[in-house]
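Work through the exercises below with the sequence and the model side by side. Try each task before reading its solution.

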There are 2 protein chains.
Amino acid sequence: MNGRRASQDAQHGLNNTAASLLGFLHERPMTGWDLVAAAQQLMGDFWSITRSQVYRELSAMAASGLVEELERGKRDRRPYAITDAGRQAFAAWSAVVPAEEAVRFPLLLMLTLGRHVAREHLVAAVEHHRALHEERLAEYEDHVQGTGDPYAVATLNFGIHYERAVLAWFDDLPDEITTGGTPRE
Amino acid sequence: MNGRRASQDAQHGLNNTAASLLGFLHERPMTGWDLVAAAQQLMGDFWSITRSQVYRELSAMAASGLVEELERGKRDRRPYAITDAGRQAFAAWSAVVPAEEAVRFPLLLMLTLGRHVAREHLVAAVEHHRALHEERLAEYEDHVQGTGDPYAVATLNFGIHYERAVLAWFDDLPDEITTGGTPRE
DNA sequence: CGCGGACAGTCCACAGTGGAATGTTGCTGC
DNA sequence: GCAGCAACATTCCACTGTGGACTGTCCGCG
């Protein structure tokens, strides 16, 4: 009713964060803490939800009846269960084709502005990121072993394809960028 | 001075949007409008800056002396030039390794929650996105012809590797997801 | 002339991020 | 049995980023 900071009363439907929470709550009641952990666990690097956002959405959804608060547990632990209205809202959300992905890659920004950045910094940044992506690829390849759920495997596979692409791109980068090839302009 | 909505007075340095504006302003004075266009043109799908944000940052940076307003042009056109302080701030920004990229892919979210989504919606969403990525790949491959600047080429190449990876991932998706393979659970 | 479309900026609500602050509980070593 | 530390759990806040509505100006064209 009060309307502040709500996850949309009606009309446009849920935002993605709210929808993801409802999705997880289909399995069982969970607290904000659990939900953050679940999301991090399942979609890690290609989706993100933050504590602040989660608690915000949970109280908004409780206020508008999409979830209901169960009794408090140990350390102020506050589990929520999805309601029928919540299941409906989720179904409505799931019926519309999701938006395009957003990729924000600061390294690419730096590269685009590369003309105005000292070569050494460019090189350092590229090296750093290459190492990061090598690690992540290894991790994904590791995790995908021993994962049964086909939906989870699909996500992991996205990570693997993605990291390989990034690595291949690094290898394609011209020498002018990755080493002290031509000096400046 | 007033401090509201500033792009950081000191200490943490610039945010990425402010930094990108300063980067572009190294070339020549530009208006907010021009800057949005330039960013869209050069980094399109892998970086984004919005009008609101740009004008916000420009006035903040004007207030803190990183840019200066030149005289108004035709339709309230308000060009800004970078100052020495601005060049310094940019140099400081460029010396630190950029953060990791953030990928937010709502389709992946839907897939992860796939157990609770009607098959038909999953299929429709996947089809839709596959088509999108095919288009984008074609665009990038087109654009990369006739692009001279190696930094711009690097960005375009990222796009090409990325889109190919996404497409390959789509091809790897199991039948249970892409067609009405096994019915539900 | 007049009017439609590209140009240019403002404003606002919402969504998402990240860190500080606060308190609780369970465990481990003594 | 208790001191202290790590993990659990929530709250709050400032900042960053997104998208749409709204206003106005100027250019070209019929």
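The exercises that follow concern a predicted model, and each one is followed by a worked solution.

**Exercise 1. Describe the layout of chain A, from its secondary structure to its domains.**

Begin with the elements: chain A holds eight helices and three strands, and along the sequence they come in the order α-α-α-β-β-α-β-α-α-α-α. Next consider burial, where 35% of the 185 residues of chain A count as buried. Then turn to the contacts in chain A between residues at least 6 apart in sequence, of which 52% join residues at least 24 apart. Finally, chain A is divided into domain 1, which covers 3–94, and domain 2, which covers 106–178. The centres of these two domains, taken over C-alpha atoms, are separated by 31 Å, and the contact between them takes four residues from domain 1 of chain A and five residues from domain 2 of chain A. On the side of domain 1 that touches domain 2, three residues are nonpolar, none is polar and one is charged.

**Exercise 2. Check the span of helix 2 of chain A, and work out which residues of this helix are buried and what they pack against.**

Start with the span: helix 2 of chain A has 12 residues, residues 32–43, and at 1.5 Å a residue it should span 16 Å, which agrees with the 16 Å between its end C-alpha atoms. The buried residues in this helix are A:Gly32, A:Leu35, A:Ala39 and A:Met43. Because they cover an arc of only 60° around the axis, they lie on the same side of helix 2 of chain A. The face turned away from that buried side carries the exposed residues A:Ala37 and A:Gln41.

**Exercise 3. Decide whether B:Phe158 and B:Ser48 are buried, partly exposed or exposed, and place each of them in chain B.**

First locate B:Phe158, which lies in helix 7 (residues 150–172) of chain B. A residue is buried if 20 or more other C-beta atoms lie within 10 Å of its own, and B:Phe158 has 25 such neighbours, so B:Phe158 counts as buried. Its contacts, leaving out residues up to four places away in sequence, are A:Leu108, A:Trp169 and B:Phe46. Of these, B:Phe46 is 112 residues away from B:Phe158 in sequence, yet the two are 8.9 Å apart in space, C-alpha to C-alpha.

Now take B:Ser48, found in the loop between helix 2 (32–43) and helix 3 (51–63) of chain B. With 15 C-beta neighbours inside 10 Å, B:Ser48 counts as partly exposed.

**Exercise 4. Describe how chains A and B meet, and name the residues that touch the most other members of the largest nonpolar core.**

Begin with the size of the contact, which takes 57 residues from chain B and 57 residues from chain A. On the side of chain B that touches chain A, the largest share, 13 residues, comes from helix 7 of chain B, and the residues of that side divide into 35 nonpolar, 14 polar and eight charged. Then consider the largest nonpolar core, which has 86 residues, and in which A:Leu22, A:Leu108, B:Leu22 and B:Leu108 touch the most other members. To finish, follow B:Leu108, which touches A:Met43, A:Phe46, A:Trp47, A:Thr155 and A:Phe158, not counting residues up to four places away in sequence.

Key:
Residues are numbered from 1 along each chain as its sequence is written. Chains are lettered from A and ligands numbered from 1 in the order in which they are written. This is a predicted model: local features need pLDDT of at least 70, side-chain atom pairs count only at pLDDT 80 or more; totals for chains, interfaces and linings use all residues. Helices (H or I, at least four residues) and strands (E, at least two) are DSSP runs, numbered from the N terminus. The expected span of a helix is 1.5 Å times one less than its number of residues. A residue is buried if 20 or more other C-beta atoms lie within 10 Å of its own, exposed if 12 or fewer, and partly exposed in between; C-beta atoms are placed from the backbone. The arc is that of the directions from the helix axis to the C-beta atoms. Two residues are in contact if their C-beta atoms, placed from the backbone, lie within 7 Å. Domain bounds come from an automatic or database domain assignment. Ala, Val, Leu, Ile, Met, Phe, Trp, Tyr, Cys and Pro count as nonpolar, Asp, Glu, Lys and Arg as charged, and the others, Gly among them, as polar. A nonpolar core is a set of buried Ala, Val, Leu, Ile, Met, Phe, Trp, Tyr and Cys residues joined through C-beta atoms within 7 Å.
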